[in-house]
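Please describe the architecture of this two-chain model.

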Amino acid sequence: MESVWRRFCKDRAAVFGLTAVGITVAAALCAPWLAPFDPNEQFFDGLTIEGSPLPPSARFWFGTDTLGRDQLSRVLHGAGTSLLIGILANGVAVLIGTMLGVTAGYLRGWVGMVIMRFTDLMMAFPALLLGIALAALLKPSLFIVALVIALVNWVQVARVIYSETLALAERDFIEAARAIGAGPSRVLSRHLLPHLLPTVFVYGTLGISTTVLYEATLSFLGVGVQPPTPSWGKMIFESQSYYLTAPWLVFIPGFAILVVSLGFNLVGDGLRDALDPTQRGRR
Amino acid sequence: MLRYLAKRLGMSLIILLGVTVITFGLTYLVPADPVAMIAGRNSTAETRELIRRQLGLDRPLAEQYVRYVTRLAQGDLGRSYARKTDVGDLIVSRLPATLLLMLGAIVAELLIGIPVGIYAATRRGKGSDKAAMIASLIGVSAPQFVVGLTLLYVFAYLLGWLPLGGYGTLAHLVLPAVTLGIAGGGWYSRMMRSAMIDVLRQDYIRTARAKGVGERRIILKHGLRNAILPIVAMVGIDIGIFMSGAVVVESVFGWPGIGQLTWQAIQGLDIPVIMGVTTLAAAFIILGNLVADLLAPAIDPRIRIR
């Protein structure tokens, strides 16, 4: 474990990613204290006389939005929504994917067949379309959005875990465990799962990037979390028609989404290289 | 070959059938009443009942499903609730724009992904390799709507080189295609790099080098041909995904493709259109996979179809 950490730290890109993630987590946790204003307060002096949003200034560092709200406060509060949905949705997706993948790979037979054919089926679905349709029809709360994202994102994990389980189940130590009388549940929990954990960790990290983007996209289309919950995608959705005259309303939240998504991708890549040094630099 | 084809086609049909079950189930499990939306807010109970009966929505679910699939098999995707026209016709009317965007996006993905991937592979471990890979990762991590709006702001608004969205000329295609190409190209370059690195350590590459073949020829002829296979498979999948319409990009650029149609259908709860597009998209994803698999032996003769 220690050598994994050391290898991870040598990877400058991964450390950069971890820093980006760390800053976002800190921003999300400390938003109530860091934010200069209430994210939902509409300022009298937050709009020009014509009613347009204000560009960044000493009073409003990131400018104001179309309703005269302080964008810095909204970006800080939006971090929590993004991370919460990203982590929750991906956690559920990885959990479903791992359970189904392990079950299919270890039991094989008709159970495995049914599970893997079902993943084939899910692969054939246009995932984004499915997510948008579901989210639009369910009028989502934060948890529903997370659940919808999880339901279309577990497939990849299931496939990877399935093929790894297949390979592991052939190994001698699993055979040996079975030979000395370990039952399926013991073999699974004590012998198989520990070997799958690195993969689970890597996907647990890389997948957050996907889910963060997914949440932003749903919110941008107006079917994500509902107001007043601040969301970066939603902020861009609301100010989309002003982006030529007030581009900071698109660029600042957009940059925030990019940083979080890139951060988790870099950490995931670094984690994969650190956990499996033989693959280093190949992927 | 024929047996393989028959088996794959049979499997594809079963998966497609499964897709229709799920689409059908989802749209009917949803807590919203399409009849109320068609009839309008001020409709009487009798009108609603009449519409319900006309659409066959009063029949048992299983019967509705069987009727849907039977019609589907005859190429009938049903009628749109909102537009009162055939879903098939609606999709066909959006097809030119969607096909054009798909073509443009795939060209952009390949033009970005393959050169960057090869460049990184040949400079493996150096600073330029890392820079290329981080650039790819940024492409993958950036939300499409932000990329699209940024490109619009810079190239259409500030520089005025290209039109501010819309559809019509080739100039209109550039920004939407590049927006899709940046994300796809990021994935392609990562795949291209790792495939190329694998190929370049094969014995036949060493043989070619020993024979004195130039590095350029080695990479482009021997390397690329062997490393391109995963990309071909990805293009197959992408064709299916783009067929269902690039909802986000079409919404940013006002592109009148299938994605826009779907998006309007979702907002208006036009269930036949949603079902039609989803089923069609799934069919294309399955077909794209199949074509990529069938193309594989043509590109790499070592792969034999069993």
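The model is predicted; local features need pLDDT of at least 70, side-chain atom pairs count only at pLDDT 80 or more, and totals for chains, interfaces and linings use all residues. Residues are numbered from 1 along each chain as its sequence is written, with chains lettered from A and ligands numbered from 1 in the order in which they are written.

**Chains**

Helices and strands here are DSSP runs (H or I, at least four residues, for helices; E, at least two, for strands), numbered from the N terminus. Chain A has 10 helices and 0 strands, and chain B has 14 helices and 0 strands. A residue is termed buried if 20 or more other C-beta atoms, placed from the backbone, lie within 10 Å of its own. Two residues are in contact if their C-beta atoms, placed from the backbone, lie within 7 Å. In chain A, 72% of the contacts with a separation of 6 or more are between residues 24 or more positions apart. For chain B, 71% of the contacts between residues at least 6 apart in sequence join residues at least 24 apart.

| Chain | C-alpha box along principal axes | Buried residues |
|---|---|---|
| Chain A | roughly 80 × 45 × 30 Å | 50% of 283 residues |
| Chain B | roughly 85 × 60 × 30 Å | 41% of 306 residues |

**Contact between the chains**

Chain A puts 34 residues into the contact and chain B puts in 37 residues. On the side of chain A that touches chain B, two or more residues come from each of helix H4 (109-123), helix H5 (127-138), helix H8 (184-220) and helix H10 (248-275) of chain A. H10(A) gives the most, with 8 residues. By class, this side of chain A has 25 nonpolar, 6 polar and 3 charged residues. In this classification Ala, Val, Leu, Ile, Met, Phe, Trp, Tyr, Cys and Pro count as nonpolar, Asp, Glu, Lys and Arg as charged, and the others, Gly among them, as polar.

**Helix H8 of chain A**

H8(A) bends by about 50 degrees at A:Leu193, and A:Pro194 follows within four residues. The bend is the angle between axes fitted to the seven residues ending at a residue and the seven starting there. H8(A) spans only 46 Å between its end C-alpha atoms, whereas a straight helix of 37 residues would span 54 Å at 1.5 Å a residue; the expected span is 1.5 Å times one less than the number of residues. After H8(A) comes A:Gly222, with a positive phi near 85 degrees.

**Helix packing in chain B**

The axes of helix H5 (residues 87-122) and helix H8 (residues 170-200) of chain B come within 5 Å and cross at roughly 35 degrees. Axes are lines fitted to C-alpha atoms, for helices over the stretch in contact, and angles run from 0 to 180 degrees between N-to-C directions. The contact of H5(B) with H8(B) has 23 nonpolar, 7 polar and 2 charged residues.

Helix H9 (residues 203-210) of chain B and H10(B) have axes that come within 11 Å and cross at roughly 150 degrees. B:Tyr204, B:Ile205, B:Ala208 and B:Arg209 in H9(B) meet B:Ile218, B:His222 and B:Gly223 in H10(B).

B:Ala227 lies in helix H10 (residues 215-227) of chain B. B:Ala227 counts as buried because it has 25 C-beta neighbours inside 10 Å. Neighbours within four places in sequence aside, B:Ala227 is in contact with B:Met192, B:Ala195, B:Met196 and B:Val199. The C-alpha atoms of B:Ala227 and B:Met192 are separated by 6.7 Å, with the two residues 35 apart along the chain.

Methods: A residue is buried if 20 or more other C-beta atoms lie within 10 Å of its own, exposed if 12 or fewer, and partly exposed in between; C-beta atoms are placed from the backbone.
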